[in-house]
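Please walk me through this protein model, starting at one residue and ending with the chain as a whole.

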Amino acid sequence: MPTPCHRLPRVSEDWGVDVWIKRDDLTGFAGGGNKGRKLEVLLPQVLAQDAKVVVTCGSSSSNFVRQLGAACSLIGVRCEAIVMDLPFEPGYPKPQIPPLASGGNETLNELFGTVIHRIPDGPWETLFDEATNRAALLREHGEQVVEVKIGGSSAEGVFAFRQAAEEISQSFDHLVVSSSSGSTLSGLASGFHGSTTHVIGISADPEEENYDDVLRLSRECAERFGGTRLTEVDLRYEYVGPGYGVASEEGVLAAEYLARREGIILDPVYSAKAFAGMQDLVTRKEIKGRILFWHTGGVPSVFGRPRT
Ligand SMILES: *Cc1c(COP(=O)(O)O)cnc(C)c1O
């Protein structure tokens, strides 16, 4: 870091606006992506607590589990992750398409030696509880455990993206970024708070509760590190498609478009949907001028396949 930030000349020409891209797909660690930034702030804490085990949770194709597992190997700590192929929120329709749960990040988890406990699909709440239970069980057995929040979304994750915002020296009218567990959006929105850059999150999940998470995370970051506390954020839910963890039609088209016009790879779960959302907002003239697309990575998911 800092990751490259450059103009997309062909996209700009096609759309008639000035589109730039921040390349956090190139954070450069263990396949790249936004989680590398959070880990730079989180890992020193694991070291400070003298932990022997890190416990987290996520989907089977989680980019955070992949990068956390690799980071734990560097510091000689065992990484255990509770995963579900397709966690869901009760009350929201379950996607009828199978998630891209096998291959991709799953293959890399194996390579990094991450201990994966795959449990049957259920509500997100169950996934979080199982991680907490696993940490408690290991503690009962006398192990020094640190539990890391899903997606690395805690005050540290927000702080990492507040710092990331400082890498942008030019001025933009809009910034578009994918959002899920919330700390990336929370950090960037805080970082650009009070500037002329309007930050828009494109949600990868249908759950409207995620909006509150973004604000809560901002408060937690302000309490821990000081600085801006957000009272509102622009988070769009229209581009989720069939649901979390599965591709959307518009996302697939957006990924093909960017690959064929600029040679840049988007992932189906997050960044392709965010790019498709940005394209739609440009088409509807809701955003114009100078636009920055924050590429969050996730490239290994391109190699994800439905479990057979
Ligand atoms: C985790 C992730 C996101 C979302 O970031 P959050 O901080 O969890 O909101 C977006 N894109 C990719 C590729 C990710 O892995």
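The model is a predicted one. The relative accessibility of P306 is 33%, so this residue counts as partly exposed; the buried class would require a value under 20%. Apart from neighbours within four places in sequence, P306 is in contact with P98, P99, L100 and S102.

Strand 11 comes next. This strand covers residues 290-295, and five of its six residues are buried, so strand 11 is largely enclosed by the rest of the structure. Which strands are joined to strand 11 by bridges? One is strand 2 (residues 18-23), which runs parallel to strand 11 and is joined to it by six bridges. Within this pairing, V19 has I291 of strand 11 as its bridge partner. Another is strand 8 (residues 174-179), also parallel to strand 11, with four bridges between them. Here V177 is partnered with W294 of strand 11.

Strand 11 also takes part in the packing of a helix. The buried residues of helix 6 pack against strand 11, and against helix 2 (35-48), helix 7 (183-191) and helix 8 (209-225). Helix 6 spans residues 155-165, and because nine of its 11 residues are buried, the helix is largely enclosed by the rest of the structure. The buried residues of helix 6 include the alanines A155, A160, A164 and A165, together with F161 and V158. The charged residues E156 and R162 are also among them.

The chain as a whole can now be described. The protein chain has 10 helices and 12 strands. Its radius of gyration is 18 Å, close to the 19 Å that the globule rule gives for 308 residues, so the chain is as compact as a globular protein of that length. Along the principal axes, the C-alpha atoms fill a box of roughly 60 × 45 × 35 Å. Of the 308 residues, 56% count as buried. Among contacts with a separation of 6 or more, 79% are between residues 24 or more positions apart.

The accessible surface of the protein chain is about 13,000 Å², and carbon and sulfur atoms make up 51% of it. There are 30 positive and 41 negative side chains, and the centres of these two sets are 4 Å apart.

Technical notes. Residues are numbered from 1 along each chain as its sequence is written. This is a predicted model: local features need pLDDT of at least 70, side-chain atom pairs count only at pLDDT 80 or more; totals for chains, interfaces and linings use all residues. Side-chain values use heavy atoms; hydrogens and water are left out. Helices (H or I, at least four residues) and strands (E, at least two) are DSSP runs, numbered from the N terminus. The radius of gyration is taken over C-alpha atoms; the globule rule is 2.2 Å times the number of residues to the power 0.38. Buried means under 20% relative accessible area, exposed over 50%, partly exposed in between (1.4 Å probe, protein chains only). Contact means heavy atoms within 4.5 Å. Accessible areas come from the Shrake-Rupley method with a 1.4 Å probe; for residues, only the protein chains shown count as cover. The place of a charge is taken as NZ of Lys, CZ of Arg, CG of Asp or CD of Glu. Two strands pair if DSSP finds at least two bridges between them.
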